[in-house]
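Q: Before we go through this case together, could you show me how to read a few features and then apply each one here?

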Amino acid sequence: MAKIIVVTSGKGGVGKTTSAAAIATGLALRGNKTVVIDFDVGLRNLDLIMGCERRVVYDLINVIQGEAGLNQAMIRDKRVDNLHILPASQTRDKDALTEEGVERVLGSLSEEFDYIICDSPAGIERGAQLAMHFADEAVVVTNPEVSSVRDSDRILGLLSSKTRRAEKNQEPIKEHLLITRYDPMRVDSGDMLNLQDIQEILAINLIGLIPESEAVLRASNQGVPVTHDQQSDAGQAYVDTVSRLLGEDVPLRFHEAQKKGFLSRMFGGGRR
Amino acid sequence: MKLLDFLKRERKKSASVAKERLQIIVAHQRGQRGQPDYMPMLERELLEVIRRYVEVEQDAISISLDSEDDCSVLELNVTLPNRG
Ligand SMILES: Nc1ncnc2c1ncn2[C@@H]1O[C@H](COP(=O)(O)OP(=O)(O)OP(=O)(O)O)[C@@H](O)[C@H]1O
Ligand SMILES: [Mg+2]
């Protein structure tokens, strides 16, 4: 039985797809058979971040509508053995996603995989609700910014009421807070919410903190999830996050402003 | 120096203002969780009725539904403007 983890946020553009790709990659690198599914029907992105856009033939909707089998639609990752991608449809509309269809697909994937990562679309409508519906755990991606935090709280409300675990009165979905695009320098100057404040407001367990990092754009340019860039702060922060998802106790990093050394101050060494 | 201090303090404020605003918003959102879907509509209509008699602001009214053992209590709070 696979563990189903939804990566969700409410607000758009906060780093869900980046995080879903990075976490799926990290879990697979740790030896877990992992599939990452793009639920953003009509606006697929995950294939680009995973660098497999030219190998997309069939998609989630094709599978749901019986036009292709799972094994035809899933793309095997080039870099990591036990990692698969199930892309979203670019052309069909969201209504093609049905609850029964999603349940069926997740059911068959469950037999084969250890982890199923669902990359949710933005918003709190149908697409986002379907992405979270069957989840066992949720990674709530939040930027240190008011509208993102408010939307995360809306999402927490949905997780605790509109999901299968909620409807069936089962043990609630395990909620994790993932703060991304964190800039300790701006926190220090008082212009950015700090992580304790965000945690206090949302009152859920912090699973990771990803700093604002140039490595993320570089990774998406290349179509290589940032987890592979182990020189980078963001790459390391995602590895830490994956370890915590696996139940390990890993100290927090990258939450304090780096004291710049003399040389980097002279030559303006950017953050890696 | 004085000016710099002042500017610094001003800047300190933006994140803490954000925090205070969020605490209020989130408390409000959480208060509404698990309430029946008709509550916002009920609140709007009650406000309309009250406004036929008294001039009150949009936020002068708050309603909540509390469930106790065998009954639910609808609590309605209306702040009326000062007389005079
Ligand atoms: N830690 C980070 N540092 C710098 N840039 C980041 C970071 N995380 C994400 N970004 C950038 O933010 C943008 C949005 O990221 P992403 O597509 O992952 O968000 P999303 O939540 O999936 O968006 P959508 O709601 O549209 O699906 C991208 O340009 C990405 O490169
Ligand atoms: Mg996305």
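A: A:F254 lies in the loop between α12 and α13 (262-267) of chain A, where helices (H or I, at least four residues) and strands (E, at least two) are DSSP runs, numbered from the N terminus. This is a predicted model, in which local features need pLDDT of at least 70 and side-chain atom pairs count only at pLDDT 80 or more, while totals for chains, interfaces and linings use all residues. Residues are numbered from 1 along each chain as its sequence is written, chains are lettered from A and ligands numbered from 1 in the order in which they are written, and side-chain values use heavy atoms, with hydrogens and water left out.

Q: Which residues does A:A237 touch, and is A:A237 buried or exposed?
A: Contact means heavy atoms within 4.5 Å. Leaving aside residues up to four places away in sequence, A:A237 touches A:L209, A:I210, A:P211 and A:F254. A:A237 belongs to helix α12 (residues 233-245) of chain A and is buried, its relative accessible area being 2%.

Q: Where is A:V226 found, and what does it touch?
A: A:V226 is in the loop between α11 (214-222) and α12 of chain A, and at 4% relative accessibility it counts as buried. Beyond residues up to four places away in sequence, A:V226 touches A:A22, A:A215, A:V216, A:A219, A:S232, A:A234, A:G235 and A:Y238.

Q: How do α7(A) and α10(A) pack?
A: Two packed helices are described by the angle between their axes and the distance between the axes. Helix α7 (residues 146-159) and helix α10 (residues 195-202), both of chain A, pack at an angle of about 35° with their axes 10 Å apart; the axes are lines fitted to C-alpha atoms, for helices over the stretch in contact, and angles run from 0 to 180 degrees between N-to-C directions. From α7(A), A:V149, A:S152, A:D153 and A:L156 meet A:I198, A:I201 and A:L202 in α10(A). By class, this contact has 5 nonpolar, 1 polar and 1 charged residues, where Ala, Val, Leu, Ile, Met, Phe, Trp, Tyr, Cys and Pro count as nonpolar, Asp, Glu, Lys and Arg as charged, and the others, Gly among them, as polar.

Q: How many helices and strands are there in chain A, and how compact is that chain?
A: Chain A contains 13 helices and 8 strands. Its radius of gyration is 18 Å, close to the 19 Å that the globule rule gives for 272 residues, so chain A is as compact as a globular protein of that length; the radius is taken over C-alpha atoms, and the rule is 2.2 Å times the number of residues to the power 0.38. Buried residues make up 55% of the 272 residues.

Q: What pattern does chain B follow along the sequence, and what share of its residues count as buried?
A: Chain B follows the pattern α-α-β-β, and 17% of its 84 residues count as buried.

Technical notes
Buried means under 20% relative accessible area, exposed over 50%, partly exposed in between (1.4 Å probe, protein chains only).
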